[in-house]
Amino acid sequence: MMSTTIVDQHQMLQRYQPMVATTHKGRQGHVLLVGGSYGKMGSVCLSAKAAMKSGCGLVTAFFPQCGYEIVQIAVPEVMVLTDVQDLCISAIHFEIVPNAIGIGSGLGQDAATQQGLYEFLKTNTIPLVLDADALNILALHPDWLSFLAPKTIITPHLKELERLIGKWNNEAELFEKTITFSKKHQLIVVMKGAPTHCIDGDLVYKNTTGNAALATAGSGDVLTGMITSLLAQSYEPIDSALLGVYLHGLTADIALPETGYQSFIASDIISYLGKAYLSLGL
Ligand SMILES: NC(=O)C1=CN([C@@H]2O[C@H](COP(=O)(O)OP(=O)(O)OC[C@H]3O[C@@H](n4cnc5c(N)ncnc54)[C@H](OP(=O)(O)O)[C@@H]3O)[C@@H](O)[C@H]2O)[C@@H](O)CC1
Ligand SMILES: Nc1ncnc2c1ncn2[C@@H]1O[C@H](COP(=O)(O)OP(=O)(O)O)[C@@H](O)[C@H]1O
Ligand SMILES: [Mg+2]
């Protein structure tokens with residue numbers, strides 16, 4: 001039986017955790033973001049910067065070699081690891097121990113990348129957020145969904161969701177199919193749209209922030225970085241999803257009187273994150 005919770009400021013204030021005065025970067029969570037391919041390195045820059053600006057202490061990004069200078073120059077705060085291949089990811093090997101991993105933005109669907117994702121998912125035990133091409137690859141190999149631990153977060157837009165669950169005829173059927181999928185695989189589904197709903201089995205959470213200014217390239221990549229950052233900071237998976245989606249939308253609401261709809265771009269989500277956080281307190 002579906003039950004819908006409205007996610008507003010009151011809800012968020014109950015879940016938001018202020019920074020502890022004596023904390024240090026080693027306690028604030030280490031994020032690993034895996035993504036990017038030739039021509040899509042911007043997605044990694046956006047998600048990595050968004051992760052940093054959402055409060056985690058350390059961010060490492062893993063991407064193909066062609067992105068090395070791009071990411072180091074675009075986001076100097078971020079540490080980098082590169083794949084053995086130049087143009088796309090093929091083998092996701094790392095020696096760090098991150099607290100959460102976000103994978104998929106700009107990843108592409110090359111055969112080598114699909115194999116690399118398979119090897120990674122089969123052995124990964126770290127809390128995970130899956131976006132974009134990681135989801136498209138899973139849609140091609142639905143049996144790999146069994147590798148995902150309970151409460152793994154997926155962040156599909158509606159086309160990506162359709163690739164995973166098939167077509168629907170109306171909104172009621174969309175929710176029915178998504179709830180069934182969430183329950184079957186024990187996943188938290190961030191069903192991105194206007195508005196975004198987070199679905200955790202029969203529990204449906206309807207976000208109240210955001211506007212059409214977010215209909216711009218890279219805004220989902222930013223969201224992936226934010227949710228992974230919150231997960232690395234020890235928020236529960238559902239709270240990471242809810243708070244990430246809420247703050248992401250709020251940036252656009254705060255920016256609107258200053259930027260209008262048209263001039264707002266994904267980098268502006270990151271720029272307005274500070275004001276969005278401040279609305280919940282220091
Ligand atoms: N700067 C960079 O490096 C960037 C890199 N990026 C990376 O590019 C990769 C491809 O991602 P992608 O989402 O553009 O491709 P894809 O899944 O085929 O979707 C396209 C089709 O799906 C639909 N559709 C899209 N959004 C929808 C929505 N919200 N709600 C409903 N439907 C929606 C729409 O179909 P239509 O509605 O027109 O039928 C559209 O034609 C991915 O790795 C991503 O991370 C991007 O993030 C951009 C910035
Ligand atoms: N009209 C809209 N109103 C509110 N939010 C929107 C609107 N259009 C897009 N968004 C939000 O923007 C993000 C788009 O994500 P996505 O399609 O994955 O972008 P990209 O892949 O380019 O990064 C989602 O969080 C979605 O909810
Ligand atoms: Mg996307």
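At which residues does UniProt place the feature "binding site" (unreviewed entry)?

Author: This is a predicted model, in which local features need pLDDT of at least 70 and side-chain atom pairs count only at pLDDT 80 or more, while totals for chains, interfaces and linings use all residues. Residues are numbered from 1 along each chain as its sequence is written, chains are lettered from A and ligands numbered from 1 in the order in which they are written, and side-chain values use heavy atoms, with hydrogens and water left out.

In the unreviewed entry, UniProt gives "binding site" at Lys192, Gly193, Ala194, Pro195, Thr196 and Gly220; such positions follow the numbering used here, feature names are shortened, and annotations may be inferred rather than shown by experiment. These residues are spread over 29 residues of sequence but cluster in space, with a largest C-alpha distance of 13.4 Å. Lys192, Gly193, Ala194, Pro195, Thr196 and Gly220 are also included in the lining of the largest pocket, where a pocket is an open set of points on a 1 Å grid over the protein atoms alone, where a 1.4 Å probe fits, with protein on both sides within 12 Å along at least five of seven lines, and lining residues have an atom within 4 Å of a point.

That pocket is where ligand 2 sits, in the sense that more than half of its atoms lie within 2 Å of the grid points. Ligand 2 is surrounded by 16 residues, of which Lys192, Gly193, Gly218, Gly220 and Asp221 are the closest; a residue counts as near if one of its heavy atoms lies within 4 Å. Helix 8 (residues 219–232) gives the largest share of this shell, four residues, while Thr196 belongs to the loop between strand 8 (188–191) and strand 9 (197–200); helices (H or I, at least four residues) and strands (E, at least two) are DSSP runs, numbered from the N terminus. By class the shell holds six nonpolar, eight polar and two charged residues, with Ala, Val, Leu, Ile, Met, Phe, Trp, Tyr, Cys and Pro counted as nonpolar, Asp, Glu, Lys and Arg as charged, and the others, Gly among them, as polar.

Several polar contacts, meaning pairs of N or O atoms within 3.5 Å, involve oxygen atoms of ligand 2. A polar side-chain atom of Thr196 is 3.0 Å from one such oxygen, a polar backbone atom of Asp221 lies 3.0 Å from an oxygen atom of the ligand, and a backbone N or O atom of Leu214 is 3.3 Å from an oxygen of ligand 2. On its own, ligand 2 has 570 Å² of accessible area, and the protein covers 77% of it, areas being computed by the Shrake-Rupley method with a 1.4 Å probe.

Notes: A polar contact is a pair of N or O atoms within 3.5 Å; within protein, one must be able to donate a hydrogen and the other to accept it, and residues adjacent in sequence count only if both atoms are side-chain atoms.
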